Amino acid sequence: MLEETVAAARKVPPDPTGMTSGSAAIDVRGLWKVFGPRPEQVLNGPHIHLDPTTLLARTGCTAAVRDVTFDVRDGEMFVVMGLSGSGKSTLVRCLTRLVEPTSGDVRIAGEDVRAASPAGLRALRRHRVSMVFQHFGLLPHRRVIDNVAYGLEIQGAAKAVRHRRAEEILSLVGLAGHAASYPDQLSGGMQQRVGLARALAVDPQVMLFDEPFSALDPLIRRDMQAEVVRLHREVGKTMLFITHDLSEALKLGERIAIMRAGSIVQIGTPEELVAAPTDEYVADFVRDVAPSEVLSLRWICRVPGDDEHLDGPVMAAATVIRDAVPAVLASARPIRVVDGDRFVGVVDRLDVLSAMAPRSGRSGTSAGTRSASAGGVG
Amino acid sequence: MRIGSRVRLLAGVLTLGLAVSACGGARVADGANSPAPSGSGSGAPAAAGTVKLAVNPWVGYEASAAVVSHLLKENLGYTVELKELSEQVSWEGFETGEVDVILENWGHDDLKKKFIEEKKVAVEAGSTGNKGVIGWYVPQWMADKHPGITDWKNLNKYADLFKTSESGGKGQLLFGDPSYVSNENAIIKNLKLNYKVVTGGSEAALIQSATQAQEQQKPLLFYFWDPHWLFNRVKLARVDLPPHTDGCDADPKKVACDYAELDLDKIVSKRFADGGGKAYELIKNFTWTNEDQNSVANDITNNGMSAEEAAKKWVDANPGTWQAWLPK
Amino acid sequence: MTAPAAPATVSPALSAAPAPVVVGRPGSRLPRVALPAAVTIATVATVGLYLAFRGTATLPHDDEAAPFLFLNDVRDWVDDNRNESPLFLYLVNYVRLFIGGVFDLFAGALRPVDPPLLVAAATALGWFAGGWRTALVAGLGFGAFGVLGVWEASVDTLALVLTAVLLSLLVGLPLGVWAGRVPRVRRALTPALDVMQIMPTFAYLGPMVLFFQIGPASAAVATIIYAIPPSIRITALAVQQVSPAAVEASTSLGATRWQTLLTVHLPMARNTIVLAVGQTVMMALSMVVFAALIAAPGLGSAVIRGLSRADVGVMLPAGLAIVLMGIVLDRLIMAGARRTGHPGGPGARRPHRSRSRYGTAAVAGLVFAGGAVLGLTALGGFPAAFEIRIAGPVNEAVRWMQSSWYDTTEAIKNVATEGLLNPLQTVLTTAPWWLTAATVAALAWRVSGVRRALTALGCLLAIALLGLWEHSMETLTTVVVAVALTLAAGVALGVAAARSPRFAALQRPLLDAAQTLPAFIYLLPALALFGATRFTAVFASVVYAVPPVVRLVEDGIRGVPPTVVEAALAGGSTRRQLLWKVQLPMARRAVLLAANQGIVMTLAMVVVGGLVGAGGLGFDVVSGFSQSADFGLGFAAGLATVLLGIMLDRITQGVERRPSPPQQKMRIA
């Protein structure tokens, strides 16, 4: 049921090219963050491209974010995934300068964040971008409603106004009736709902999530993921989501950036990552992902053989393989895969079954991408 | 708005403060309280004022202070603040108004020069009638047992007797409160005595050691002074140091002679002398004998009386003496 | 337990992570076997050098050393220029007037209040703050001031403590908040606070008299100097400890620094800041006795008088009143803090229904009864009919002890003096100074690393330059012996308490009382039992420093995870084995921290011990305060004590600086 919601959320199949079109909500170019003494000098010095251990030994510095470039479309759900220490949390903090970047360019809705004055930066944080944190960051001495209204209070909103708004948001996140509680009277999941509500209350254009659910139980986490998906659908904010959990990334992300040691190694849709990892690191990550859960028919359909009948049922190319299984099995004829009106190829039982089998064997037969099997065994 | 008004308030207070204390900074005497009544003590019978009486740390002084304080309170209606202070610190109090009276001053010519002649904040108020003398003492039994021990020339011979765990192989000379008048180190050095001064820390330490020396027949050489009630309880023999001559103790580093017999006197602050009224007169008139003092001190120390009780007892018994002190 | 092994690599991805740079004990890089050998060689070499050079290059004491004379000259200059120099005219004298004014304000407000009214007011305050229990404590406590016969002195002390606490907090809390948020400020303040805390109180009484003369203002300044470090330290710690997540969340919503301070830092640090307030009150109260030496009005005088007359009976009521005042103020503050705290917070008390009804009745009854009884009696001070006299019996008991325990106490004193103090003092005073310095440096280097070793060495050399080498060595002797005895007693009692809850329950109130008593109080029984000797000072320091050591050890042993204890028991350990092989080793840090605490406290007490024959720096300091010719000596000795304290702290600090709960820097003395 939950997966259905998640799947349904991805209303529009992502453009497999991953190219941006139109305005970018977040635009990051060549971003660096070097921690340690005299970071500027180190950045421009000769050692910056050394491996982290040597860099630390030579300069005392750590490059947490290395030359990162990406953009997030308006209304997109963009996920940054990486193991701990890969620099993803530093990256998200650089976006609103909670951590001051060492160099590079950050624009949010076209505004140059790095050039912003302290007042401009505050305005950005108050009205345009809000953030949800791993450890919630709630204020234990305030009631839930005052936590939610906190951002508005900071902006100077009158008490009645901010409380009204906070009540609305609380019912939006399913916490109506808990307004008068204190955070420590709520469960972890509910506390993070408060965190979510606090971020939503200021009605930002962009929401940043820093591993918001990693401190929660698996079941609660699933609920919360669904909640985020629902909210994304309902309020249509641009969201940038940090996680170390691949399944979370795949579930939520329209596009995913994979980070390693400060750099982004690949950006793509879940399908692209699973089907076509750019290197062994990514391949290693996605090895245990069942392709049938992620890949759509587009990735396994093939040019029909000469002897095949082209009168089987029609299915959209964006259908996830697993969802196509009943239809494929029920049909004696190969399924015709179409992208809108365009015929893309066919899929038969054998194709589906081998896509569901552990990865090895037959794959990469289509769509002209590099062989997905390359990383499969890796 | 609230902040604004607070700033204004603060500014106002500051301006006021500056205005009040304008004209070239604050001098020490500015802050001194006058001996005017300060309204302390709820409902005391028509307070005539407050007298701040320094009490130096020995019981003889305390006895004098208790009697004077009793009379000030009961007969003249003053409030008395007794201030437990060491000798030199008491003198500092004349300057700020913390101390009005030192009731039993032992010499201190240097302080007299500084505070009476130079700073002009204190004046002498006559003798207490007590004769005071500091000296080195041994228990009488030692004098009987070790002939010649009371002559300083023989002290080195007996140094071993006085050795203790604290004296580092030399003989021990037990001293009292660190704030007491003392030439001990200079005398030992200049007379080439093989002794070390060990500080007991208080009058009580001296009394306790002397009592033990008597009871346990333990050797003891110690710093002590007369008037003291102890002489009535423990037989002591004074060690004869080279006799005091005028000016032999002028340079504290070169002292090689005994202490002088002092006429103990009273010192009061200039302010108190000028505006102290009847209290000042009483203190100026106050004079009694060593025996008087010893009897009160003895009651305080040994008869379980508080200083007030001991003073009351003496006052009740000796009306003839104190009535002469009362202002006419 | 604390072997500095590199963390095990968890995953291949982490293997690329930076290898931990080993900063810390240089010794830990040596092969383990080599260490005992090196230590043995060093020890043998030190002993050999000592035997060869004993008696040479000693630095005997000279009362006329140049630094002392210089300080005397400074004193004379200040004395002469007090009414001329702009520094005094426009700054120091104003400070004195201002602080004196604050005291007069408090005293003027409190003194004229009738005792029954003030008791009732305290009771009411207690009830408002925390309900009937607090009301009862406050009422009984204030009532006891009268019953003990020290009403007026108590009120004066209260006024002085309030003055000092108010001003300390006015300065300390903002500084603490600032230091908590700005590491640079914190680093700048720390050494100053260290000096303020290690500097023996006596040592700054002299300068206090010089700058502020005697009286309540000067006493308040001295008290502030003593009481302000914990208020700064604990506040800084509280602010530092505020969850960074909450701060970040606030910043991310665009809060200004000021908004974050007001809405996040202060509310979240509140409970700890309340602790800071409580601690400041306690510190201020423990200065009451010292303050009396410079003419502070209040309870201190009686304690001083008791000490100089060896009269426990005179001292005890005042001492008890000080303890009671501490308890009442502490309860009021804590209760007030709880009451204004939000009800949902951890540990917050939820209001319960019965409180209001029974509470009101109880308080009303109490106030009425108290007010009526007291009010009916004469209004002149506290009614004498209610005072009880405890001086007589107490003194009788002391006298009995003195005469009947004489042989035992003499024996104990002599054994300790001849067996511990004298040999150690001989070694330290006859060793060549360079050998001592080298030994100290080597020891500090071994335990705490190069930088701290250099600091320790620097302190020692500065002591030599001050001209106080010999006296410092004497003091070092007393401190070392006292710390050793303190640790022995503290660990034994702590272990006993950790193992037997019943013993712990019996011991706890005693420890509580012992920690609230002013340090001076310990001197008297010690003096009564052992006379004026160094051992008296050692004994008093041990009694003074044992309670915190017991606490730390007990907590340390209790803090050993139950699973470890279970595992050991499951493995068939006896209780003895459990203690020696599991609990004590695991509580090692607590024990070492206890040693560090013990050193600081012992040092403080050894100086006070100068009053009862301890000699060394303590006597110099005391005598510098009371004899004008020794002013320079006394002040220099105060500095030397600080240097000695820093040296000992640095030697033992290596242990403390390892990752551990931050509370331990709080040094609640």
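Which residue of β5(A) does A:I108 stand opposite? In this predicted model, the residue facing A:I108 is A:E111, and the two strands concerned, β4 (residues 103-108) of chain A and β5(A), pair in the antiparallel sense over two bridges. They belong to an open sheet of four strands in chain A, whose order is β2-β1-β4-β5 and whose pairing is antiparallel. Its edge strands are β2 (62-73) and β5 (111-112) of chain A, each of which pairs on one side only.

A:D105 forms a salt bridge with A:R107, their closest N and O atoms being 3.5 Å apart. A:D105 counts as partly exposed because its relative accessibility is 23%, and A:R107, with a relative accessible area of 30%, is partly exposed as well.

Another salt bridge of chain A joins A:K237 to A:D203, with 2.4 Å between the closest N and O atoms. This pair links distant parts of the chain, 34 residues apart: A:K237 lies in the loop between α10 (218-235) and β8 (238-243), whereas A:D203 lies in the loop between α9 (188-201) and β7 (206-210) of chain A. A:K237 has a relative accessible area of 9% and is therefore buried, while A:D203, at 46% relative accessibility, counts as partly exposed. Chain A also holds a network of salt bridges that links A:D27, A:R29, A:D71, A:R73, A:E76 and A:R255.

In chain B, B:K163 forms a salt bridge with B:D160, and here the closest N and O atoms are 3.8 Å apart. B:K163 counts as partly exposed at 42% relative accessibility, whereas B:D160, at 57%, counts as exposed.

We turn now to the interface of chain C and chain A, where 27 residues of chain C are in contact with 29 residues of chain A. The area buried between these two chains is about 2,300 Å², and carbon and sulfur atoms give 64% of that area. The count of salt bridges between chain C and chain A is one, formed where the side chains of A:R93 and C:E248 meet at 2.3 Å, N to O. Across this interface there are also seven residue pairs in polar contact. On the side of chain C that touches chain A, α11 (244-252) and α12 (257-286) each supply at least two residues, and the largest share, seven residues, comes from α11(C). By residue type, that side of chain C divides into 15 nonpolar, ten polar and two charged residues.

Methods. Residues are numbered from 1 along each chain as its sequence is written. Chains are lettered from A and ligands numbered from 1 in the order in which they are written. This is a predicted model: local features need pLDDT of at least 70, side-chain atom pairs count only at pLDDT 80 or more; totals for chains, interfaces and linings use all residues. Side-chain values use heavy atoms; hydrogens and water are left out. Contact means heavy atoms within 4.5 Å. Buried area is the accessible area (1.4 Å probe) that two parts lose on being put together, summed over both. A salt bridge is a side-chain nitrogen of Lys or Arg within 4 Å of a carboxyl oxygen of Asp or Glu. A polar contact is a pair of N or O atoms within 3.5 Å; within protein, one must be able to donate a hydrogen and the other to accept it, and residues adjacent in sequence count only if both atoms are side-chain atoms. Ala, Val, Leu, Ile, Met, Phe, Trp, Tyr, Cys and Pro count as nonpolar, Asp, Glu, Lys and Arg as charged, and the others, Gly among them, as polar. Two strands pair if DSSP finds at least two bridges between them. Buried means under 20% relative accessible area, exposed over 50%, partly exposed in between (1.4 Å probe, protein chains only).
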